[in-house]
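Work through the following exercises with the coordinates open beside you, and try each task before reading its solution.

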Amino acid sequence: MADAISGPSYLYNLLANELSVALYGDLDKTSENMGALTMMTIKDRKAAAAAAGPSSSEAPVDTSASARDSDTVFPKLESIGYQVGQRLIERLTKEHARFKDELDRMKFVCTDLWKYLYDKQIDTLRTNNQGTYVFTDNLFRPLAFFSAEGVDQYYPQSGRFIAFPCGIIRGALSALGIRCTVSAKVLSVTCCVFEVVVERT
Amino acid sequence: MATDEEFKLMYGLIASIKSFVARLSPMELKEGFQSFGTDKYRLHFYESPTSIKFLMTSDLAAVSLKDLLMQIYLIYTETVCRNVLVPARGRMIDSQMFITRLETLVQQSPHFASKS
Amino acid sequence: MSAKGKAPLLDNNKVNADLIKLTYGALVAQILKDYEKPEDVNKQLEKLGYNIGVRLVEDFIAHHNIPRCLDFRQTAERVQQAFRFYLGFQPAVGNWAPTGNEFSLIWDNTNPIGDFVEFPDNLRTLQYSRVLCGAIRGGLEMVQIDVAITIAKEFLLGDQATELRIRFNKRLEDALPIGED
């Protein structure tokens, strides 16, 4: 179980997630008790231990997260992802044969790029043949840190972690010559669905 | 006894035993305090290098639970440290993943079923 | 992903290190937009690094069975090792102070997280490597070692190497509940 997400990809996920928490956390001073920004140092721990004893704290509940998600932070994170996706694709496609068509490029994102990022492929790719593509990842790695089968405790906050990958997809496709918008939904505990709508000119 | 109170007492107990044990020892201790026994139960203690303390009481048949406690530490890193939504320290762990895996681990342990 | 003749893990490591550098670069650019002043950005980077270090150290210790350090030299080795595990490329340890309480991590001719970065002149006070300092500080604090870290050399600013100077401050004591002392 440990090996699936250990090692370097762990650091990457940590960085990406930390990013989300850092940006979202900054916006909301009231939820300062949660999130990585205010992780307790040893000194804090001393103070907390002195003040309350280690067990007294309530579980952190972040109810306002979903309300904020779509506002200012999403585009920021998305644009970070966009830059990463764009530059990443330059590297990954260096030795790749020419792409046949749009679908071929989509497939590349679902297989090669995803495998590189998350060590697994997108599970299903569907299209209506009119420029809308739906990627489904049944076990989306970044979410796997929070939830497991049958446990959806952190589901309300999971929206924070999809802006960045949305941006990566958009950046990657843009580097492949496809302009599009990307949105995502966390369907169930660990299942994430990305919808790519190609802009037709 | 309130849980709060119990935690505080336990903390004090462990801190005292640790320092006392270290002072008694003629040589530098490597592991330090690991467990104590009474006629009814045994209390096991493991402290990670990052000074997270793991405690477990058991029946008398379980002589050493150090390995089990170390495995719990591993679960802790995987479910709590890796989850940026859980504050890393100083709070009650409410992660369901942690709790589920902890229960499975402990129940599968050979020490679990043994009756003294 | 595992190339022939190479250990898959290391290979994997390298690939992902690129990704981490890219992501970090994009992040710094975003924080710069938000804060503008390089000094403020530095603070944010340190904080981010610290948060990562605090979590990473648990992973490092638990999964690689790292025992307690007996002296500061061992600490230096472990930090070096951690860099190899997580960024796939380890720095040299050197420039020990005669007292043994200060050393440098040195990356010759490179910056471990900044291969793809160019610095405009007006950002020379931005400390791109600050996140490393934060991560090391956070990680060591969790093992009760308090250190102070400075960036002695920065390859991205034209130095021959990137050098982080790490000074031992003190051992941190365990927290005690009230009434105990």
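This is a predicted model, in which local features need pLDDT of at least 70 and side-chain atom pairs count only at pLDDT 80 or more, while totals for chains, interfaces and linings use all residues. Residues are numbered from 1 along each chain as its sequence is written, and chains are lettered from A and ligands numbered from 1 in the order in which they are written.

**Exercise 1. Describe the make-up of chain A and of chain B.**

Begin with the secondary structure, where helices (H or I, at least four residues) and strands (E, at least two) are DSSP runs numbered from the N terminus. Chain A holds 7 helices and 4 strands, and their order along the sequence is α-α-α-α-α-β-β-α-α-β-β. Chain B has 4 helices and 3 strands, arranged as α-β-β-β-α-α-α.

Next, consider burial: a residue is buried if 20 or more other C-beta atoms lie within 10 Å of its own, exposed if 12 or fewer, and partly exposed in between, with C-beta atoms placed from the backbone. Of the 201 residues in chain A, 42% are buried; for the 116 residues of chain B, the figure is 29%.

Finally, turn to contacts, meaning pairs of residues whose C-beta atoms, placed from the backbone, lie within 7 Å. Among contacts with a separation of 6 or more, residues 24 or more positions apart account for 65% in chain A, and the corresponding share in chain B is 30%.

**Exercise 2. Check the length of helix α5 of chain A, then follow its course and packing.**

The expected span is 1.5 Å times one less than the number of residues. Because helix α5(A) has 17 residues (102-118), it should span 24 Å, and the 23 Å between its end C-alpha atoms agrees with this.

Just beyond α5(A), A:D119 adopts a positive phi of about 65°.

**Exercise 3. Work out how β2 of chain C is paired.**

Two strands pair if DSSP finds at least two bridges between them. Strand β1(C) (residues 92-94) runs antiparallel to β2(C) (residues 102-108), with 3 bridges joining them, and C:A92 stands opposite C:I106. Strand β2(C) is also joined to β4(C) (residues 161-171) by 7 bridges, again antiparallel, and here C:F103 stands opposite C:I166.

Notes: Contact = placed C-beta atoms within 7 Å.
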